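Work through the exercises below with the model open. Try each task before you read its solution.

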Amino acid sequence: MKKSKRLLQGANWGVFLILALALLFIVNYLGYRHYHRWDWSSASTSRLSQQTKKVLGHLEHPVKVVVFLAPGGDLYTHVNGLLSSYKAAAPAGKFSVEYIDPDRQRARMEMLARKYNVTRANVVVFSSNGHSKYVTMDQMADYSASGAKEITSRPFSSWDSRNCRTMRIWLWSPAPNILSPLRKPPCWKTT
Amino acid sequence: MKGTLSVAWKETLSYFFAPMAYIVITAFLVMNGLIFYIILTALSQPGSFSASPMALFFGGTLFFWIFLIIMVPAITMRLGAEEKKSGTLETLLTAPVTDSGVVAGKYLAAMAVYVAAWLPTLIYVLVLSRYSDVDPGPVAAGYLGVLLVGLFFTSVGLFTTMVSRNQLVAAIIAFTILIVLLCVPLLSFMVTDVAVKGVLQYLSLWNLMQNFAKGIVDTRALVYLLSGTALFLMLSYQALQTRRWA
């Protein structure tokens, strides 16, 4: 009697656990596929302008981004934050990002570098519909002269992050004429 | 509902009528105060990197997680294990409260202690705002993250205390589960497979808390933490049911 009771209890636990884990998986899978991001900060480097959001929201061709940066690097978190915002603003499946750690993924790095014709280290490649363009580290951010470690935290944007948020768009836009490398983009004030 | 609230009230009172809650909260605040001081000192050094102190305080350092994975099991360990040991479980199970009411009540009481431990840290924000500009958005998002991580971790602690007879065993199991939850996603730095890396990054509590600290509220983080909480609460309920029939 006692043995059968234990067996029943075990089976009960097993079924319960399987159902609970299946439910957990489904909820998280759906949550992962369909998500939304809010930025509560007042001046964030990863906040997008309305114009950027508009372009991202109406992407015709899928955009693939390959980041050739080591995870511990100066700009990695900024690049990661901004690209996550891009991805969240684009329709599902239209914007994909691959991070390549140059120290660990040598073979993959060399393969992709050949594919996108990359000749420099620490770059971010944007490709869409057969076009590709890469952005180097000195184009992503501005280093202040006083200390090497001090980043003025404007990756991908222009010289004044408060006034020129819209400029982030120039980096990846699939239209070839906008993709021309702008070293010092003009300021477009959003307000 | 009434049963839930009376269990929650009774448990909260027994936390605050015993030295345990005060010891945990005091230790937590002393450690956090020290870390906050170190963060401020480090950031005010010439040539240091520029960052918001509160962003570092919320999950920006390893200490944030060390404190949490020690504090939460210390709060939850007595909830179920003690009932079993002192023989009051039978009284509780025959009281006019449903099993879900017992789980919810104990959970609310543990969360009350957790929130009570975090509330005094609002003083740091006040101190900072006295001497510099504090962006309220990321601070609010940081506290939201702290609350959600607390909900998740406390549910893990409640589950372990429901399945064990001994407080110490409950705390050690909870500690182990939390360490695993925290450390497995770190493997994402080692794997190269894109899909596996994506899953590990989704599960990463470090990334999630750093996003909250930057002011980014992502529904993926909410779904992960709340669904994890629901899972462990269901497991706690199931454990209590098993005890009823054991």
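**Exercise 1.** Does A:Asn122 count as buried, exposed or partly exposed, and how many C-beta neighbours does A:Asn122 have inside 10 Å? Then compare A:Asn117.

*Solution.* The model is a predicted one. Step 1: count for A:Asn122. There are 18 C-beta neighbours inside 10 Å. Step 2: apply the cut-offs. Buried needs 20 or more, and exposed needs 12 or fewer. A:Asn122 is therefore partly exposed.

**Exercise 2.** Locate A:Asn117 and A:Asn122, and read off phi for A:Asn117 and for A:Asn122.

*Solution.* Step 1: find A:Asn117. It sits in the loop that runs between helix H4 (106-116) and strand E4 (123-128) of chain A. Step 2: find A:Asn122. Its place is also the loop between H4 and E4 of chain A. Step 3: read the angles. Phi is near 60° for A:Asn117 and near 55° for A:Asn122. Each value is positive in a residue that is not glycine.

**Exercise 3.** Describe helix H1 of chain A: its span and its exposure.

*Solution.* Step 1: span. H1 (residues 2-33) of chain A holds 32 residues and covers 47 Å from first C-alpha to last. Step 2: exposure. The number of buried residues among the 32 of H1(A) is 0, so the helix lies largely in the open.

**Exercise 4.** In what order do the strands of the open sheet in chain A run, and which stand at the edges?

*Solution.* Step 1: order. The 4 strands follow E3-E2-E4-E5, with mixed pairing. Step 2: edges. E3 (95-100) and E5 (131-136) of chain A each have a single partner strand, so one side of each lacks a neighbour in the sheet. Step 3: twist. It averages 15° from one strand to the next. Step 4: one pairing. E2 (residues 63-68) of chain A and E4(A) run antiparallel, joined by 5 bridges. Within this pair, A:Val66 is bridged to A:Val125. Step 5: packing. Helix H3 (residues 76-89) of chain A packs on the sheet and touches E2, E3 and E4 of chain A. Its direction makes about 160° with that of E3(A).

**Exercise 5.** How many residues of chain B contact chain A, and which element gives the most?

*Solution.* Step 1: count. The contact involves 27 residues of chain B and 27 of chain A. H13(B) gives the most on the chain B side, with 10 residues. Step 3: composition. That side has 14 nonpolar, 9 polar and 4 charged residues. Step 4: strand pairing. E1 (residues 37-39) of chain A runs antiparallel to E1(B), with 3 bridges. A:Asp39 has B:Ile216 as its bridge partner.

Terms used:
Residues numbered from 1 in each chain as written. Chains lettered and ligands numbered in written order. Predicted model: local features only at pLDDT ≥ 70, side-chain atom pairs only at ≥ 80, totals over all residues. Helix = DSSP H or I, 4+ residues; strand = E, 2+ residues; numbered from the N terminus. Expected span 1.5 Å × (residues − 1). Pairing = 2+ DSSP bridges. Axes fitted to C-alpha atoms, helices over the stretch in contact; angles between N-to-C directions. Contact = placed C-beta atoms within 7 Å. Nonpolar A, V, L, I, M, F, W, Y, C, P; charged D, E, K, R; others polar.
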